[in-house]
Amino acid sequence: PYQASSEATPSEQEVAEFLTGWGLDGECAAAMAGQAPEVQYQVLRGFSPKPGTRDIKSLFMGYLKSMVMGPGTGKRLRSA
């Protein structure tokens with residue numbers, strides 16, 4: 001429902017519209033506000049749950065974490 005502008009630093013209004021558009025709460029807003037503008041921009045541009053997603057908040061928090069941590073930082077299996 002939300003389309004990010006081409007600015008690399010999203011405005012407070014853009015972030016608020018994004019959060020409202022996805023029905024995200026204050027915890028999500030606080031998590032987003034604590035991130036660098038570049039991370040906020042990546043989230044605004046890339047977060048797009050599939051239709052029918054039931055727990056958008058959990059998906060959002062995981063997505064935000066993945067943007068902060070970067071690729072390849074997920075859980076890995078231990079080799080024996």
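User: What percentage of the 80 residues of the protein count as buried?

Analyst: The share is 26% of the 80 residues. Buried means under 20% relative accessible area, exposed means over 50%, and partly exposed is in between, with a 1.4 Å probe and protein chains only. This is a predicted model, in which local features need pLDDT of at least 70 and side-chain atom pairs count only at pLDDT 80 or more, while totals for chains, interfaces and linings use all residues. Residues are numbered from 1 along each chain as its sequence is written, and side-chain values use heavy atoms, with hydrogens and water left out.

User: Why is phenylalanine 18 called buried?

Analyst: Its relative accessible area is 0%, and the cut-off for buried is under 20%, so phenylalanine 18 counts as buried. Phenylalanine 47, at 5%, is buried as well.

User: Why is the pair of phenylalanine 18 and phenylalanine 47 called edge-to-face?

Analyst: Rings of Phe, Tyr and Trp (its six-membered ring) pair if their centres lie within 6.5 Å; planes under 30 degrees apart count as stacked, over 60 as edge-to-face and the rest as tilted. By this rule there are five aromatic pairs. In the pair of phenylalanine 18 and phenylalanine 47, the ring centres are 5.9 Å apart and the planes stand at 70 degrees, so the pair is edge-to-face. Phenylalanine 18 belongs to helix α1 and phenylalanine 47 to the loop between α3 and α4, so the pair ties together parts that are 29 residues apart in sequence. Ring pairs also link Phe18, Trp22, Phe47, Phe60 and Tyr63 into a cluster.

User: Which residues have the most contacts inside the largest nonpolar core?

Analyst: They are Phe18, Leu19, Leu24, Met32, Val43, Phe60 and Leu64, in a core of 14 residues. At least two residues of this core come from each of α1 (12-21), α2 (26-33), α3 (37-46) and α4 (56-69). A nonpolar core is a set of buried Ala, Val, Leu, Ile, Met, Phe, Trp, Tyr and Cys residues joined through side-chain atoms within 4.5 Å. Leaving aside neighbours within four places in sequence, leucine 64 is in contact with Ala31, Met32, Gln35, Val39 and Val43; contact means heavy atoms within 4.5 Å.

User: Why is α2 called roughly parallel to α4?

Analyst: The two helices pack at an angle of about 10 degrees, with their axes 11 Å apart. Angles under 35 degrees count as roughly parallel, over 145 as roughly antiparallel, 65 to 115 as roughly perpendicular and the rest as oblique. That makes α2 roughly parallel to α4. The axes are lines fitted to C-alpha atoms, for helices over the stretch in contact, and the angles run from 0 to 180 degrees between N-to-C directions.

User: Which residues of α2 and α4 meet?

Analyst: Glu27, Cys28, Ala31 and Met32 in α2 meet Lys57, Phe60, Met61 and Leu64 in α4. The residues of this contact divide into six nonpolar, no polar and two charged.

User: Why is glutamine 40 called buried?

Analyst: Glutamine 40 has a relative accessible area of 11%, against a cut-off of under 20%, so it counts as buried. Glutamine 40 lies in helix α3, whose buried residues are Val39, Gln40, Tyr41, Val43 and Leu44. What covers them includes α1, α2 and α4. Not counting residues up to four places away in sequence, glutamine 40 touches Pro10, Val15, Met32, Ala33 and Gln35.

User: What makes arginine 45 exposed?

Analyst: Its relative accessible area is 53%, and exposed means over 50%, so arginine 45 counts as exposed. Arginine 45 is found in helix α3.

User: How do you know that proline 37 is partly exposed?

Analyst: Proline 37 has 32% relative accessibility, which falls between the cut-offs of 20% and 50%, so proline 37 counts as partly exposed. Proline 37 also lies in helix α3. Its contacts, not counting residues up to four places away in sequence, are Ala8, Thr9 and Pro10. Proline 37 and proline 10 are 27 residues apart in sequence and 6.7 Å apart in space, C-alpha to C-alpha.

Terms used
Helix = DSSP H or I, 4+ residues; strand = E, 2+ residues; numbered from the N terminus. Nonpolar A, V, L, I, M, F, W, Y, C, P; charged D, E, K, R; others polar.
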